[in-house]
Amino acid sequence: RSLPAELRIRLPGTGLLADPVRGVRVEAAAAYAGMSDLLPREDARAFGGAAADLRTAYESLANRPEALVALATFETAEGDVNKAVRLYEQALRIEPRAVTARANLADTLRRLGEEGRAEDLLREGLALDERNAALHHALGLSMVRSGRPEAALTELRRAAELAPDNPRFVYVLGIALNSMDQQAEALRVLRDARARFDGDFEIAMVLATILRDSGDQEGALEVAYTLARRHPEDQNVVALLRSLQAIP
């Protein structure tokens, strides 16, 4: 599911949309959600049946928030955002502490242009669980979008403190610090993150970029060469090396 759509289409998984086992068809429908118009006619027809199986399966578990979240995710991919909103709201009525439902609903509302409502939703969640890192992170991003960088930084920092094992949170924090001209702290945070998450591509890329922009050519090259050894054909890495004049 994490692969780009154009690659998923080329892989043989579309045949699973017509698998005799319903559970397999349901998983295949989730994997190809929002892509039926790219499928060959026969596979697109099979997707319709698998999608109906998925909806039936999750609707039968509608008393469980996680099932409603899974169905809402599917409906979002299929383009029915309003239905997804209703499903997320239903999940929260059942379990107000359902973090994934709350964060996903807030993100959906943001995309609908309801940033204020999304922020209120996240604050309600934090009132129930003040130590929830995912909600602090989501609130920080909401504040960035609404033009409150200082308040956003407080939330992003809190998220990284509460969930030190989450590389995404520290990556976003590093970017936020750098964007607010706190380059020294951004580098400190990202160097520490690189030591803890040695294989994380995004952390290494942004660290190398900030080192380059700060004039530390040697430090940037050290990180860039490590990336090149691990991802020799990645075009972002190639572009980084060229910007450092390491390759023609």
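I took buried to mean under 20% relative accessible area. The model I examined is predicted.

**Entry 1: the whole chain**

I began with the secondary structure, and the protein chain comes to 14 helices and zero strands. I then looked up the extent of the chain: its C-alpha atoms fill a box of roughly 55 × 45 × 30 Å, taken along the principal axes. Of the 248 residues, 43% are buried. I also looked up the contacts between residues at least 6 apart in sequence, and 44% of these join residues at least 24 apart.

**Entry 2: helix α6**

I turned next to helix α6, which covers residues 99-111 and has 13 residues. From its first C-alpha to its last it reaches 18 Å, close to the 18 Å expected at 1.5 Å a residue. Which residues of α6 are buried? I found A101, R102, L105, A106, T108 and L109. Seen down the axis of α6, these buried residues fall within an arc of 165°, so they line one face of the helix. I recalled the general rule here: an α-helix has 3.6 residues a turn, so residues three or four places apart point the same way.

I then asked what covers the buried residues of α6. The cover includes α4 (65-77), α5 (81-94), α7 (115-128) and α8 (133-145). Just after α6, I noted that G113 takes a positive phi of about 90°.

**Entry 3: helices α3 and α4**

One of the helices covering α6 is α4, and I looked up how α4 packs with α3 (residues 41-59). The two pack at an angle of about 150°, with their axes 9 Å apart. An angle over 145 degrees counts as roughly antiparallel, and α3 and α4 are therefore roughly antiparallel to each other. Their crossing is left-handed. Which residues meet between these two helices? On the α3 side I listed F47, A51, L54, R55, Y58 and E59. On the α4 side I listed A67, A70, L71, F74 and E75.

**Entry 4: residue H137**

Helix α8 also belongs to the cover of α6, and H137 is found in α8. Is H137 buried or exposed? Its relative accessible area is 9%, so H137 is buried. Leaving aside neighbours within four places in sequence, I found H137 in contact with E155, L156, A159, R168, F169 and V172. I also looked up the separation of H137 and L227: they are 90 residues apart in sequence and 27 Å apart in space, C-alpha to C-alpha.

**Entry 5: residue A5**

I went to A5, which is found in helix α1 (residues 5-10). With a relative accessible area of 24%, A5 is partly exposed. I compared its position with that of R102, a buried residue of α6. A5 and R102 are 97 residues apart in sequence and 27 Å apart in space, C-alpha to C-alpha.

**Entry 6: residue D181**

Most residues other than glycine have a negative phi. In D181, however, I found a phi near 65°, a positive value in a residue other than glycine. Where is D181 placed? It lies in the loop between α10 (167-179) and α11 (183-196). At 73% relative accessibility, over the 50% cut-off, D181 counts as exposed.

Conventions
Residues are numbered from 1 along each chain as its sequence is written. This is a predicted model: local features need pLDDT of at least 70, side-chain atom pairs count only at pLDDT 80 or more; totals for chains, interfaces and linings use all residues. Side-chain values use heavy atoms; hydrogens and water are left out. Helices (H or I, at least four residues) and strands (E, at least two) are DSSP runs, numbered from the N terminus. The expected span of a helix is 1.5 Å times one less than its number of residues. Buried means under 20% relative accessible area, exposed over 50%, partly exposed in between (1.4 Å probe, protein chains only). The arc is that of the directions from the helix axis to the C-beta atoms. Contact means heavy atoms within 4.5 Å. Axes are lines fitted to C-alpha atoms, for helices over the stretch in contact, and angles run from 0 to 180 degrees between N-to-C directions. Angles under 35 degrees count as roughly parallel, over 145 as roughly antiparallel, 65 to 115 as roughly perpendicular and the rest as oblique. A crossing is left-handed if the near helix is turned anticlockwise from the far one by less than a right angle, and right-handed if clockwise.
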